[in-house]
Amino acid sequence: MGICQSAVNKGKTSLKGLVEDEEKFNQYMDTAFDKVDVDKNGYLEKHELTQLVQDLVHKLKKDTNVPEDKVQSALELIDTNKDGKVTKEEFKKTSRAKLLAICSS
Ligand SMILES: [Ca+2]
């Protein structure tokens, strides 16, 4: 079973279904962003993203061991203007684009 078939909310919606519904996806990511933005400064910094990537990997792969370079490449992927932190817009736009690319193939 691929990551796109993984359930995102107690089995009702698959990741693919969520990504294809832009409104739902944005709502979901808004909530996710606020959860990850621990200090509530409106940006996700590296230490906050580390936690997010760890949670995701643990959820999807049952593996808690996340190498530092994976976090770094996730940050570089999402941080489109390369200022070292991620805004909510970048977070939503980039992750949706990437997931769409993965899940629609
Ligand atoms: Ca923050």
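A: Happy to: what follows begins with the overall fold, turns to the helix pair, and then moves on to the core and a loop.

The model is predicted, so local features need pLDDT of at least 70 and side-chain atom pairs count only at pLDDT 80 or more, whereas totals for chains, interfaces and linings use all residues. Residues are numbered from 1 along each chain as its sequence is written.

The protein has five helices and zero strands, where helices (H or I, at least four residues) and strands (E, at least two) are DSSP runs numbered from the N terminus. Its radius of gyration, taken over C-alpha atoms, is 13 Å, close to the 13 Å from the globule rule for 105 residues, so the protein is as compact as a globular protein of that length. That rule is 2.2 Å times the number of residues to the power 0.38. The C-alpha trace spans about 35 × 30 × 25 Å along its principal axes.

Now for the pair itself. Helix α2 (residues 22-36) and helix α5 (residues 88-103) have axes that come within 10 Å and cross at roughly 130 degrees. Axes here are lines fitted to C-alpha atoms over the stretch in contact, with angles running from 0 to 180 degrees between N-to-C directions. That angle makes α2 oblique to α5, since under 35 degrees counts as roughly parallel, over 145 as roughly antiparallel, 65 to 115 as roughly perpendicular and the rest as oblique. The crossing is right-handed, meaning that the near helix is turned clockwise from the far one by less than a right angle. From α2, F25, N26, M29 and F33 meet K88, F91, K92, S95 and R96 of α5; a contact needs C-beta atoms, placed from the backbone, within 7 Å.

F33 and F91 also belong to the largest nonpolar core, a group of nine residues that includes L49, L75 and V86. Such a core is a set of buried Ala, Val, Leu, Ile, Met, Phe, Trp, Tyr and Cys residues joined through C-beta atoms within 7 Å. A residue is buried with 20 or more other C-beta atoms within 10 Å of its own, exposed with 12 or fewer, and partly exposed in between. The most comes from α4, with three residues. Leaving aside neighbours within four places in sequence, L75 is in contact with K46 and L49.

For contrast, P67 sits in the loop between α3 (46-61) and α4 (68-78), and counts as exposed because it has 10 C-beta neighbours inside 10 Å.

Methods: Two residues are in contact if their C-beta atoms, placed from the backbone, lie within 7 Å.
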